[in-house]
Amino acid sequence: MKSFKTLEWIGGIDGFLELTDQRKLPGEFIKLPCKTVEQLYDAIKMLAVRGAPAIGVAAGFGVCIAAREIDSEQKLCGAIEQLNKKINYLSQSRPTAVNLFWALDRMKTVAEKFAAQNNDATILDLRRALLSEAQKIYDEDVEMCRLIGINGEKFIIEGCAILTHCNAGALATAGQGTALSPIFEAAKNGKKFKVYADETRPLLQGARLTAWELKQSNMDVTLICDNMAGWLMKNGKIDAVITGADRIAANGDAANKIGTYGLSILAKAHNIPFYIAAPSSTFDLSIKTGSEIPIEQRDSSEVACFAGIPTAPKGIDIFNPAFDVTNAENITAIITEKGVIENPNPAKVKNILDTD
Ligand code: MRU
């Protein structure tokens, strides 16, 4: 169903990463080449590529770009030291989505193991090993999205209306999305239903990206402002909420785009099921609860302006957290590629993630 590539490695080991520049959508569909680590850092920070899984996949390829930038005449141990500095730099682009750190750690481990086990290998050999791992991360993401769709499809009931927040669709992953994947799957199976997309202030990922994606796929989608969700629920117009996640703690607490927590409270108050859809790469079992998840604070201009036009008095104090955390007890189920975790708790989370 996906008619575009969110991100793609172009060429062989001397190639580069090409992104669909999400800052330009829906007005323009343009590609952004990333040929240096600095370009990719900026692309992640400024949201040209965004959404937890897509950030992780981009970071995997980012390590391939980094490996091309290091001095190819030196020994492998020196190369690993230089590479790790660049990996560390990329890790500072955004703090909340754990997929970034997950992918960078995975690439770092591959590089270090390769150097330890291949004494006579060259940096070209190392670059080949890294590109193959980054491509694996890409392919696995596509497959995880597909399975999330299959596992979550049953929650889309014929004739229902689903509310989603931010963008957890194809643009946020290498595949067909996380929260939107069950929606695409249900549509593929011939179910008829409606989707409401929250516009998602301040950066409008719902209006610019989710509404665009769903329209592209000829889905029945209606855009609402964030502050309309409660009223729609009160009037019986929403049957379920599905969002993605940026990091899920060991107890099932889930960080996602700011506003998700509020929606979970509204859903609970109106007895509406609230689902999170996320791959295993979004879980962070090193932290016990959501209170340990770092929340990104973004520039005040995002709140002080709308589409670049000032909408607040100059010099006003602004608070702009990009994410919030929904407590596990507000989550009806977490839909993963390995299965569904109903009423999540630490034991159930561990159980599903341990499944092969
Ligand atoms: O700031 P963004 O646009 O990167 O935030 C994205 C989200 O909050 C998504 O819901 C989340 O990353 C899941 S994407 C499959």
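This report describes local features of a predicted model: a helix pair, aromatic and charge-over-ring contacts, backbone exceptions and several individual residues.

The model is predicted, so local features need pLDDT of at least 70 and side-chain atom pairs count only at pLDDT 80 or more, while totals for chains, interfaces and linings use all residues. Residues are numbered from 1 along each chain as its sequence is written, and side-chain values use heavy atoms, with hydrogens and water left out.

**Helix packing**

Helices (H or I, at least four residues) and strands (E, at least two) are DSSP runs, numbered from the N terminus. Two packed helices are described by the angle between their axes and the distance between the axes. The axes of helix 4 (residues 98-117) and helix 5 (residues 123-152) cross at roughly 150° and come within 10 Å. Here axes are lines fitted to C-alpha atoms, for helices over the stretch in contact, and angles run from 0 to 180 degrees between N-to-C directions. The crossing of helix 4 with helix 5 is right-handed; a crossing is right-handed if the near helix is turned clockwise from the far one by less than a right angle, and left-handed if anticlockwise.

Helix 4 contributes Trp102, Ala103, Arg106, Met107, Val110, Ala111 and Phe114 to the contact. From helix 5 come Asp125, Leu126, Ala129, Leu130, Glu133, Ala134, Lys136, Ile137 and Glu140. Contact means heavy atoms within 4.5 Å. By class, the residues of this contact are 11 nonpolar, no polar and 5 charged. Ala, Val, Leu, Ile, Met, Phe, Trp, Tyr, Cys and Pro count as nonpolar, Asp, Glu, Lys and Arg as charged, and the others, Gly among them, as polar.

Asp139 also has its place in helix 5. This residue counts as partly exposed because its relative accessibility is 44%, where buried means under 20% relative accessible area, exposed over 50% and partly exposed in between (1.4 Å probe, protein chains only). Its C-alpha atom is separated by 7.8 Å from that of Ala174, 35 residues apart along the chain.

**Rings and charges**

The whole structure contains 7 aromatic pairs. Rings of Phe, Tyr and Trp (its six-membered ring) pair if their centres lie within 6.5 Å; planes under 30 degrees apart count as stacked, over 60 as edge-to-face and the rest as tilted. One of the pairs, Trp9 with Phe61, is stacked, at 5.6 Å centre to centre and 15° between the planes. Trp9 is in strand 1 (residues 7-10) and Phe61 in helix 2 (residues 52-69), so the pair links distant parts of the chain, 52 residues apart. Both Trp9 and Phe61 are buried. Elsewhere, ring pairs join Phe4, Phe29 and Trp212 into a cluster.

A charge sits over a ring if NZ of Lys or CZ of Arg is within 6 Å of the ring centre and within 35 degrees of the ring normal.

| Charged residue | Ring | Distance from ring centre |
|---|---|---|
| Lys35 | Phe16 | 4.7 Å |
| Lys194 | Tyr196 | 5.3 Å |

**Backbone exceptions**

The peptide bond from Leu25 to Pro26 is cis, with omega near 5°. Pro26 is in the loop between strand 2 (16-20) and strand 3 (31-34). A cis peptide bond also runs from Arg201 to Pro202, with omega near 5°, and Pro202 is placed in the loop between strand 5 and helix 7.

Leu204 lies in that loop between strand 5 (194-198) and helix 7 (205-216). With a relative accessible area of 14%, Leu204 is buried. Not counting residues up to four places away in sequence, Leu204 touches Glu199, Leu209 and Phe306.

Leu47 is not a glycine, yet its phi is positive, about 70°. Leu47 is found in the loop between helix 1 (37-45) and helix 2, and counts as buried because its relative accessibility is 8%. Asn343, also not a glycine, has a positive phi of about 40° and is in the loop between strand 16 (339-342) and helix 11 (346-354).

**Two further residues**

Ser93 is in the loop between helix 3 (76-90) and helix 4. At 2% relative accessibility, Ser93 is buried. Its contacts, leaving aside neighbours within four places in sequence, are Tyr41, Ile44, Lys45 and Leu100.

Tyr261, in helix 9 (residues 260-269), is partly exposed at 35% relative accessibility. Apart from neighbours within four places in sequence, Tyr261 is in contact with Asp324, Val325, Thr326, Asn327 and Asn330. Tyr261 and Ile331 are 70 residues apart in sequence and 10.0 Å apart in space, C-alpha to C-alpha.
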